[in-house]
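Open the model in your viewer and keep the selection panel at hand. The stops below say what to select next and what is there.

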Amino acid sequence: MIIATVTHWGAITLRVVREMGRMTLFLMQTIMWLGRPPFRFRQLLKQMHFIGVKSLFVIVLTGIFTGMVLGLQGYYSLRKFGAEALLGSAVALSMIRELGPVLSALMVTGRAGSAMTAEIGLMRITEQIDALDTMAISPMQYLVAPKVLAGVLVLPLLVSIFDVIGIYGGYLVGVKLLGISSGGYTASMVSAVEWKDVYGGILKALSFGLIVTWVCTYKGYHTSMSAEGLGKATTEAVVLASVLVLIWDYFLTSVLL
Amino acid sequence: MSNETPIIRLVDLYKAFGEHLVLDGLNLEVPRGKLTTIIGRSGGGKSVLLKHIIGLIRPDRGQVLVDETDITQLGQRELNEIRKKFAMLFQGAALFDSLSVFDNVAFPLREKSNFNEAEINFKVLEVLEQVGLTGMEQKYPSELSGGMRKRAGLARALVLGPEIMLFDEPTTGLDPLLARTIHDLILETQHRYRFTAVMVSHEIPEIFGISDYVAMLLDGKIVEMAPPAQFVRTQNPAIQEFINGGKPECVSSESESVQEARRP
């Protein structure tokens with residue numbers, strides 16, 4: 001009984017450690033291939049368009065509503081202390097430090113990351129990845145590296161847009177709907193937000209971009225050879241990427257604060 | 001290298017997936033410039049064998065010698081050098097979904113040659129004509145039938161003029177008529193390009209008509225390899241059973257006459 005339990009947990013531990021090792025190797029290979037010619041600018045641009053431009057609508061939509069709900073919640077909380085004038089700083093700081101990077105990363109995972117896993121996974125199943133290999137073209141370089149680099153480059157831009165739209169959403173609710181002064185909203189924001197907050201948010205965005213594309217390409221690349229396996233890989237990719245984003249966010253915040 | 005030495009030699013190859021031993025001390029010599037067909041049970045490791053030849057799978061033990069270079073010992077860069085001799089037609093053709101037929105065929109040229117766009121254009125149209133896909137350049141793989149995909153896959157494989165072509169069940173999923181036209185196409189292009197071909201197939205007796213050599217993979221080993229006429233007369237009961245579709249009787253002279261008629 002005891003031996004069976006130990007064996008069971010041992011097997012799980014081994015599997016987890018092995019998977020972590022493989023993921024790390026995968027990331028290292030990706031970075032290595034990024035440094036080697038030929039540099040695939042066309043592929044990179046295509047991926048930036050896919051991750052960036054095509055996520056814009058979702059980012060704008062979630063950004064504006066997040067800002068609006070923050071404005072609403074913030075207003076009623078702050079009013080208890082008679083501090084409605086601080087709404088601008090409350091909205092801006094939560095957007096820039098936390099909600100912008102985290103929610104953008106989650107949206108990109110759902111929209112672009114899952115598609116990435118499915119695309120690479122299907123290419124694996126239909127032997128298109130093997131075909132690249134037989135043509136002496138590294139699939140890591142051709143397929144994976146441009147996606148990861150694009151994710152790292154694009155996510156900070158998406159986060160910036162998310163932040164700006166969100167802050168405007170808070171402004172709409174606070175100033176236009178609930179009637180705090182426009183100058184107060186802006187002034188409290190300007191006095192409270194420091195460059196450190198902005199850099200921190202961008203740093204988060206960069207690392208989330210890496211996490212999301214890394215996990216999603218990895219899961220696609222190592223899909224098992226069936227339709228069921230592809231569905232499983234996509235689900236796992238989205239779940240793992242989202243969870244890792246949140247965990248990493250905690251660690252990064254504790255260091256940055 | 002002389003015409004006598006085999007272009008590919010597999011020496012004492014072992015490969016297991018988990019507990020399942022797929023290749024069990026396999027030896028095979030592929031003669032230069034000939035079409036060698038490997039037959040065997042479904043799931044018996046034929047595709048695995050083919051993938052060993054081009055280094056997509058590394059063996060647990062043994063050697064894969066291509067022109068006497070052991071590719072199992074090579075790093076990625078040297079392996080890619082050797083792979084330039086090869087092209088492979090995959091079971092499902094493995095066309096890139098995101099590219100049109102033209103771009104699929106042009107892909108190896110753009111990646112691996114120094115031709116300019118005009119020359120690429122010329123070469124692609126030429127090879128598409130050879131496989132009978134003129135007018136299909138702008139179609140996408142999802143718009144093609146199974147037979148047309150195979151043709152496009154063949155065109156993409158041929159476009160760099162490989163020394164060695166690997167065919168992984170080129171006629172699976174096609175009706176008998178289409179299968180025959182694909183077989184004819186393989187024969188025709190082999191005569192034109194003079195490549196060495198290794199084909200994995202189930203199509204008995206058709207492959208006897210087009211192959212120079214037939215090899216039987218059984219229990220992880222090549223148990224017999226001979227020219228078709230000799231191969232069908234083998235005394236090995238397992239092979240007799242396999243090529244007669246479960247009936248352990250001697251092969252009629254029919255497949256030999258097929259061969260006489262088809263082989264140019």
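Select residues 8-17 of chain B, strand E1, and then residues 61-66 of chain B, strand E4: they pair in the antiparallel sense over five bridges. Strands here are DSSP runs of E with at least two residues, helices are runs of H or I with at least four, and both are numbered from the N terminus. Two strands pair if DSSP finds at least two bridges between them. In this pair, B:Ile8 stands opposite B:Val66 in E4(B).

This is a predicted model, in which local features need pLDDT of at least 70 and side-chain atom pairs count only at pLDDT 80 or more, while totals for chains, interfaces and linings use all residues. Residues are numbered from 1 along each chain as its sequence is written, and chains are lettered from A and ligands numbered from 1 in the order in which they are written.

Now widen the selection to the whole sheet. It is an open sheet of four strands in chain B, in the order E2-E1-E4-E5, with antiparallel pairing. Which strands are at the edges? They are E2 (20-30) and E5 (69-70) of chain B, each pairing on one side only.

Axes are lines fitted to C-alpha atoms, for helices over the stretch in contact, and angles run from 0 to 180 degrees between N-to-C directions. Residues are in contact if their C-beta atoms, placed from the backbone, lie within 7 Å.

Move to chain A and select H8 (residues 195-221) and H9 (residues 227-256). Their axes are 9 Å apart, at an angle of about 155°. That makes H8(A) roughly antiparallel to H9(A) (the term covers angles over 145 degrees; under 35 is roughly parallel, 65 to 115 roughly perpendicular, and the rest oblique). Among the residues that meet are A:Phe208 in H8(A) and A:Trp248 in H9(A).

Finally, show all of chain B, with its 10 helices and 10 strands. Its C-alpha atoms fill a box of roughly 55 × 45 × 40 Å, taken along the principal axes.

Methods: Contact = placed C-beta atoms within 7 Å.
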